[in-house]
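Visitor: Hi, could you walk me through this structure? I'd like to start with the ligand and then hop around.

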Amino acid sequence: MAESNMKRLAKDPVCGMSVVESPDALKASVRGTTFYFCSDACKLEYTMPSQELSKLKTMVGLGTVLTISILILTYVPILATQANAYVLLLLAIPVQFYVGSRFYRGAYHALRAKTSNMDVLVAVGTSAAFGYSALATVAPSLFGVQGLYFDAAAVIITLILAGRLLEHLTKERASDSVRKLLELRPTVAHVLKDGVGVEVPVEDLVEGDVVEVRPGERVPTDGVVTGGSSYADESLLTGESSPVRKEPGSQVIGGSINSGGRIVVKCTAVGQETVLGQITKLVEEARAGRAPIQRLADRVAEYFVPLILLVALFAAVGWGLAGGVPLATSILVFVSVVVIACPCALGIATPAALLVGTGNAAKRGILVKGGEAVEAAAHVDTVLLDKTGTITEGKQTVVAILGGDQDRILQLAGSVESASEHGIGRAIVNRAVSKGLKLAEVSNFVSSPGLGVSGAVNGQVVKVGRREFVGRNGKWGGEEQATKLMSEGNTVVFVSAGRELGAIAVGDAVKEDAVEAIREMGEMGLSVVMLTGDDEATAKSVADKVGVQNFRAGLLPADKEKEVARLQAQGKVVAMIGDGVNDAPALAKADLGLAIGSGTDVAKETGGIVLIKDRLTDAVDALRIGRATMRKIKQNLAWAFGYNIILVPVAAGLLIPLYGIGVYSFLPFFSGAAMALSSASVVGNSLLLMRYKPR
Ligand code: ADP
Ligand code: MG
């Protein structure tokens, strides 16, 4: 194996650059994982994002003030020529070496890792312009041609930093509730060894370990209760504000707080596999992530930078030797090429459009978490919709009770459902309470997501839920009526208590804008599929009502995720829209997850986009804004690259044969101005997105 292949390369999690994993490389350990960085700025940004942000703001502020002063003095020389030049030099030094210091550092680290990045071009270009001007100031007799280019260097540095600031602001969108989730992460667990709790770090837990969780402690990882009983506060993970009863058989989520007695838990998932681990991973990716298209710009830069430097050098030397131009002109050719190629517009093409696009969305109550979500929104071709709470209002009410003794069925079901967070459960409890029924004490409550709930009432096992979940043994005369209620779009849940069997029909109106939203999705060329845990008959009725052609019924939470994976395997780019705990796996799996704002916290933390106003037409708007933003990014990139391709030959001396070397008395200035104009036009073009109306 070649020596160079044996060097391990790591990726800077901030800028995506390759960094050699050498012992003296810049690195930081964040929660057990070592990250390598290309520069102090990237390291600071990853480990202390808010500090880096305020530093960047100061730099941009200082750079702006100094640059404006330089611009004024350059074009309105108030002082005598020589004095003016020295004042300009004094103003330019802090911009070049303090405000612009990160470019030198970035360039140094890139060159040491034998790669190149934009920092190299910025550092070389501005240094050439600054160095030439500084020399011309202290030794004016050296060059025949007049002209100082301090302004070009200062404008480049300040504008590029402003671009990075923009990029930062787009990233700083990870919500506060997400940060709170990160703080939930427990650090130690008490593993039971021969009945004694031994403290171990949570990282060392393995699946199958049995741990004890004492009152007031955080549950260390996901698991199932095997002993003891208690309540757990899961509010930050599921949105359920009241403590949830935990008994042998109940699932517990790592990070929730044990607010009752001591329980013994068998671990079923650890680390990245846990609910909290998955959410955390998503957040960290979102924070470090750039839109994939930005990475494309970075990759192009890797080749672009050396190419430009070669062109500049070649042109300068070529004109000097073959063209016989004086040294001063050669230097100006070099500066012009590097300055004009300085891909400042390229650097801000993506973040500017992303910032304006997500701002437009936010104004409409659509929260977009970062560039990846925007890009995914633009590429989606298949939309999966949850039924309950997504297509329907999610405000269920009991519409009929079937079976012999209706009050008894309602009272038994209500008693068990009083511990459930599900809309069906709430509807049943509300009806029982409004009818003045007294709910009984329940023990051994178990909730099976997507199936139903069960518990013991007065020693009798009562089950409420899907037909196959409650079992069908028992007398039952309501079949016909149940079928009719389902075909009208109601959800029928069955209630069994020993040999008794009944059913409760729960109705839920479809959202006002559901039909419109689904029609528009069709018009956008998207294929729409409804996914639900509900019965076939109910699903069909709702699908017909809102105009969905394809649906899948009777799905468990894992089935929804599998459906996403199946479509992805066919090459589809899938968006999932959902609200519930049962939708979270699918939301995470999908290329783009859109969570309904009134849904559970898990759904909202998992989704890349949150629809605050619960409207389904907002999902359509989100996809349209995604498409519009991507169009803008592509226009910006095409403009920024195109401008370089056209103007670089001009800077390299295309005009010398026509107009002579005299053009270089203004070309570097022209380069700087063209560069600033190009950036301004990219920003202006992006700002147009603010006016974009998705409907
Ligand atoms: P959806 O996918 O439409 O949001 P769910 O996955 O939440 O629906 O539920 C699927 C089915 O499981 C329901 O239609 C119902 O039959 C049953 N079910 C789930 N939770 C409960 C509960 N708490 N009480 C009764 N039935 C339930
Ligand atoms: Mg739902």
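**Around the ligand**

Guide: Happy to. A nitrogen atom of ligand 1 sits 2.4 Å from an N or O atom in the side chain of E417. That is a polar contact, meaning a pair of N or O atoms within 3.5 Å; within protein, one must be able to donate a hydrogen and the other to accept it, and residues adjacent in sequence count only if both atoms are side-chain atoms. This is a predicted model, where local features need pLDDT of at least 70 and side-chain atom pairs count only at pLDDT 80 or more, while totals for chains, interfaces and linings use all residues. Residues are numbered from 1 along each chain as its sequence is written, chains are lettered from A and ligands numbered from 1 in the order in which they are written, and side-chain values use heavy atoms, with hydrogens and water left out.

Visitor: Which side chain has an N or O atom 2.8 Å from an oxygen atom of ligand 1?

Guide: That one is T532. The side chain of D386 also has an N or O atom facing a ligand oxygen, at 3.1 Å.

Visitor: And how much of the ligand's accessible area does the protein cover?

Guide: The protein covers 96% of the 560 Å² that ligand 1 has on its own. Those areas come from the Shrake-Rupley method with a 1.4 Å probe; for residues, only the protein chains shown count as cover.

Visitor: Which elements give two or more residues to the shell?

Guide: They are β18 (452–457), β19 (460–465) and β20 (491–497). On naming, helices (H or I, at least four residues) and strands (E, at least two) are DSSP runs, numbered from the N terminus.

Visitor: How many residues surround the ligand, and which are the closest?

Guide: There are 20, and the closest are T388, E417, H422, K560 and N582. A residue is near a molecule or strand if one of its heavy atoms lies within 4 Å of it. By class, the shell has five nonpolar, 10 polar and five charged residues. Here Ala, Val, Leu, Ile, Met, Phe, Trp, Tyr, Cys and Pro count as nonpolar, Asp, Glu, Lys and Arg as charged, and the others, Gly among them, as polar.

Visitor: Is β22 mostly covered or mostly open?

Guide: Mostly covered: four of the five residues in β22 (residues 527–531) are buried. Buried means under 20% relative accessible area, exposed over 50%, and partly exposed in between (1.4 Å probe, protein chains only).

Visitor: Where's the hairpin?

Guide: β5 and β6 form it, with two residues between them, and D194 in the turn has a positive phi of about 50 degrees. Six bridges join β5 (residues 188–193) to β6 (residues 196–201), and the two run antiparallel. K193 stands opposite V196. On β5 there is also antiparallel pairing with β7 (residues 210–213) over two bridges, where V191 has V211 as its partner.

Visitor: What about the sheet with β9 in it?

Guide: That is an open, antiparallel sheet of three strands in the order β10-β9-β12. β10 (244–246) and β12 (257–258) are at the edges with a single partner strand each, so one side of each has no neighbour in the sheet. D233 in the β9–β12 pairing has I257 as its bridge partner.

Visitor: New topic: is D618 buried or exposed?

Guide: D618 is buried, at 1% relative accessible area. D618 belongs to helix α25 (residues 617–654) and, beyond neighbours within four places in sequence, is in contact (heavy atoms within 4.5 Å) with R364, I366, L611 and K613.

Visitor: And G608, where does that lie?

Guide: G608 is in the loop between α24 (601–606) and β26 (609–611), and counts as buried at 18% relative accessibility. The C-alpha atoms of G608 and L594 are separated by 6.2 Å, though the two are 14 residues apart along the chain.

Visitor: Last one: what does the side chain of T74 reach?

Guide: The T74 side chain reaches the backbone oxygen of I70 at 2.6 Å. T74 is in helix α3 (residues 49–75).

Notes
Two strands pair if DSSP finds at least two bridges between them.
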